[in-house]
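Colleague: I am new to this structure and would like to take a close look at a single part of it. Could you walk me through it slowly?

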Amino acid sequence: MTPPIHSARALVEALCSDACAGRRTNTPGGALARRHIEDALRARGLDPAEQAVPRCNGTNVIATIPGAIDRWVLVGAHYDHLGASREGVFRGADDNAASVAILVEVAAALAARRPDGRGVILAAFDAEEPPFYATGAMGSQHFVRSPTVPLDRIDMMVAMELLGHGIGPQGLPDAVHDSVFVLGGERSEGTSARLDALADASPGITVRRTDAEVIPPLSDHLAFWEAGVPFLLLTGPRPATYHTPDDTPDRLEWPRIDAISQWLERFVRDQCARPEGRVRFLRDGRDDRSTLDTMLSLLRPLAAMTPLAAQGVRQAEALLARCDAKGRLGEAERTAAQNLVAAIEQALA
Ligand SMILES: [Zn+2]
């Protein structure tokens with residue numbers, strides 16, 4: 001019997017331990033990771049339940065905090081990772097133990113002082129990683145097929161990925177380093193304005209919006225997007241250690257993890273208290289301008305340091321000038337914007 005896990009850091013260390021062996025779906029290490037998450041939730045006053053995911057022999061962990069009304073906000077993060085190979089244990093600290101720790105801290109804060117309005121579902125999803133990603137076998141896809149509450153009662157789904165590292169190498173300006181990205185605000189009515197109002201609500205981070213299509217939709221938000229549930233992906237760029245045995249806890253930035261936990265608690269409270277009866281999903285919502293504004297907020301502070309960033313500023317400004325009144329680009333320019341984002345991600349990895 002191990003003592004209960006009382007801090008975000010202790011939970012991340014446990015999830016990244018040799019004993020969890022990379023948390024691969026349907027392995028003893030995956031099952032141990034699940035027990036750590038359940039123990040951590042119980043130690044914080046929640047009552048987690050397991051949801052079997054038959055297509056991958058996996059298991060989701062679900063905790064529920066009822067609200068005053070029978071409508072819901074769902075926060076999810078996958079806890080599985082790649083397992084181990086001859087290269088060593090793939091510890092998946094950034095991908096996605098840090099996000100699971102944030103999930104548990106947000107759950108604890110919301111259980112201790114319940115939000116007004118809607119209830120909250122906390123989901124640690126299994127089977128996000130290869131070979132399951134972008135298939136119906138993912139834990140999040142299963143949840144959408146077998147939801148614990150009717151899907152049309154979920155007004156917001158927030159997925160988390162890769163939140164444990166600041167942007168770029170140490171020493172970059174705070175405006176760059178402290179950025180956190182949120183994708184998909186444009187896919188539901190009124191959400192972007194609420195995100196913008198809270199962009200600087202937590203000291204140490206700035207939450208910046210981009211369009212959901214800025215990267216391929218490979219994470220747990222996809223199932224909800226396809227089902228027409230308002231969704232967001234809260235994330236950072238893939239670091240150089242992404243999907244390598246070097247994605248280890250000692251590289252994580254704990255003040256950032258704390259700041260994101262505090263921000264997300266605040267944002268979930270805001271979503272729970274939204275006055276609309278039902279938050280409207282916007283299937284054709286698109287906001288290329290938000291993507292370009294966010295890229296410029298990263299590139300401008302770097303333009304004096306590197307000619308590449310200065311060139312990026314010119315490209316982003318040229319694209320911004322091509323946006324229509326609704327902030328949308330034509331298809332060709334859209335591809336150019338996606339290429340620019342990929343180049344920035346690579347340069348800052
Ligand atoms: Zn991954």
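Which residues are buried in α10?

Modeller: Happy to. Two notes before we start. This is a predicted model, in which local features need pLDDT of at least 70 and side-chain atom pairs count only at pLDDT 80 or more, while totals for chains, interfaces and linings use all residues. Residues are numbered from 1 along each chain as its sequence is written.

In α10, the buried residues are G312, A316 and L319. Here "buried" means that 20 or more other C-beta atoms lie within 10 Å of a residue's own, "exposed" means 12 or fewer, and "partly exposed" is in between, with C-beta atoms placed from the backbone. These three cover an arc of only 60 degrees around the axis, which puts them on the same side of α10; the arc is that of the directions from the helix axis to the C-beta atoms. An α-helix has 3.6 residues a turn, so residues three or four places apart point the same way.

On the face of α10 turned away from its buried side you will find the exposed residues P307, R314, A318 and A321. The cover over the buried residues of α10 includes α9 (288–299) and α11 (331–348), where a contact is a pair of residues with C-beta atoms, placed from the backbone, within 7 Å.

As for its length, α10 runs over residues 307–322, which is 16 residues. From first C-alpha to last, α10 reaches 23 Å, close to the 22 Å expected at 1.5 Å a residue; that expectation is 1.5 Å times one less than the number of residues. Helices (H or I, at least four residues) and strands (E, at least two) are DSSP runs, numbered from the N terminus.

Now let us step back to see the rest of the chain. Its secondary structure comes to 11 helices and 10 strands. The radius of gyration is 19 Å, close to the 20 Å of the globule rule for 349 residues, so the chain is as compact as a globular protein of that length. That radius is taken over C-alpha atoms, and the rule is 2.2 Å times the number of residues to the power 0.38. Of the 349 residues in the chain, 51% are buried.

Eight strands make an open sheet with mixed pairing, in the order β1-β2-β6-β3-β7-β10-β8-β9; two strands pair if DSSP finds at least two bridges between them. At the edges stand β1 (49–53) and β9 (206–210), each with a single partner strand, so one side of each has no neighbour in the sheet.

Inside this sheet, seven of the seven residues of β3 are buried, so β3 is largely enclosed by the rest of the structure. W72, L74, G76 and H78 point one way from β3, and V73, V75 and A77 the other way. β3 pairs in the parallel sense with β6 over seven bridges and with β7 over six bridges. L74 has a bridge partner in each: I121 in β6 and M157 in β7.

β7 is also largely enclosed by the rest of the structure, because eight of its eight residues are buried. Five bridges join β7 (residues 154–161) to β10 (residues 231–235), and these two strands run parallel. Along this pair, M160 has L234 of β10 as its bridge partner, and E161 stands opposite T235 in β10.

Key:
Two residues are in contact if their C-beta atoms, placed from the backbone, lie within 7 Å.
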